[in-house]
Amino acid sequence: MKSLLIAYHSQSGASAQLARAAWRGALAETGVEVVVRRAWDAGVEDLRRAQGVLLVAAENSAALSGGMKDFLDRTFYPAIAHELVLPYALLVSAGNDGRGAVRQLQRIMSGYPFPPAAEPVILRGEVTEAHLRAAGELGAAFATGLAMGIF
Ligand SMILES: Cc1cc2nc3c(=O)[nH]c(=O)nc-3n(C[C@H](O)[C@H](O)[C@H](O)COP(=O)(O)O)c2cc1C
């Protein structure tokens with residue numbers, strides 16, 4: 001069975017809520033195992049067990065949040081050593097922007113190199129029902145794509 005890793009970093013809880021919603025959405029696809037890990041706790045072994053990775057994090061100071069950046073910094077060379085090529089998707093929780101985090105992440109991912117499985121999703125402001133729905137839809141679409149062998 002294919003496995004989708006959802007790795008998230010959240011300081012005040014917004015990205016954690018989005019990650020949970022994405023997890024629920026992905027669970028609707030029964031043909032895929034879904035593993036949720038805090039970015040601080042995740043490592044290259046989690047990437048090695050996965051066939052796709054959904055990253056969920058905030059934009060802080062016009063950049064990717066520190067916890068997510070730490071995860072990527074720690075796994076960059078190990079992922080290259082294992083020749084990992086995983087499709088990824090990105091959910092960004094932001095106050096009023098989010099584009100800096102997306103740009104940074106896309107640049108980092110092109111170095112792994114991991115290909116995008118979907119357009120990045122930026123959700124601005126307080127977490128709303130619409131945000132949770134969008135996160136759930138992204139999780140479901142990613143899981144379905146993995147199950148169908150699209151990615
Ligand atoms: C130190 C700090 C810097 C931030 N910088 C930005 C920023 O540059 N752009 C933006 O849109 N939001 C910014 N925000 C707002 C957060 O992105 C937003 O509150 C987000 O929902 C937090 O997600 P989290 O609870 O998962 O950490 C910042 C928040 C903090 C605490």
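Leu105 is buried, because 23 other C-beta atoms lie within 10 Å of its own. Here a residue counts as buried if 20 or more other C-beta atoms lie within 10 Å of its own, exposed if 12 or fewer, and partly exposed in between, with C-beta atoms placed from the backbone. This is a predicted model, in which local features need pLDDT of at least 70, side-chain atom pairs count only at pLDDT 80 or more, and totals for chains, interfaces and linings use all residues. Residues are numbered from 1 along each chain as its sequence is written.

You can find Leu105 in helix 4 (residues 99-111). Helices (H or I, at least four residues) and strands (E, at least two) are DSSP runs, numbered from the N terminus. Not counting residues up to four places away in sequence, Leu105 touches Leu55, Leu64 and Leu90; contact means C-beta atoms, placed from the backbone, within 7 Å. In the loop between helix 4 and strand 6 sits Pro113, joined to Tyr112 by a cis peptide bond with omega about 0°.

Now to strand 3. Of its 9 residues, 8 are buried. Its pairings are listed below; two strands pair if DSSP finds at least two bridges between them.

| Strands | Bridges | Direction |
|---|---|---|
| strand 1 and strand 3 | 5 bridges | parallel |
| strand 3 and strand 5 | 6 bridges | parallel |
| strand 3 and strand 4 | 2 bridges | antiparallel |

To trace these pairings by eye, start with Leu5, whose bridge partner in strand 3 is Val53. Then look at Ala57, which has Val92 in strand 5 as its bridge partner. Asn60 stands opposite Ala63 in strand 4.

Strand 3 and strand 4 form a hairpin with 2 residues between the strands. Ser61 lies in the loop there, and its phi is positive, near 50°, though it is not a glycine. Ser61 is exposed because 9 other C-beta atoms lie within 10 Å. Ala62, placed in the loop between strand 3 and strand 4, also has a positive phi, of about 65°. Ala62 is partly exposed, because 13 other C-beta atoms lie within 10 Å.

What about the core? The largest nonpolar core has 46 residues, and those with the most contacts inside it include Leu4, Ile6, Leu54 and Leu91. Helix 1 gives the most to this core, with 7 residues. Such a core is a set of buried Ala, Val, Leu, Ile, Met, Phe, Trp, Tyr and Cys residues joined through C-beta atoms within 7 Å. Leaving aside neighbours within four places in sequence, Leu91 is in contact with residues including Leu18, Ala22, Val121 and Leu138.

Leu138 is also one of the buried residues of helix 5. Helix 5 (residues 129-147) has 19 residues and reaches 27 Å from its first C-alpha to its last, close to the 27 Å expected at 1.5 Å a residue; the expected span is 1.5 Å times one less than the number of residues. Its buried residues pack against several elements, among them strand 1 (2-8), helix 1 and strand 3. After helix 5 comes Gly149, with a positive phi near 75°.

Finally, look at the ligand. Of the 18 residues around the ligand, Ser10, Ser12, Ser15, Ala58 and Gly95 come nearest; a residue is near a molecule if its C-beta atom, placed from the backbone, lies within 6 Å of it. Strand 3 gives the most to this shell, with 3 residues.

Key:
Contact = placed C-beta atoms within 7 Å.
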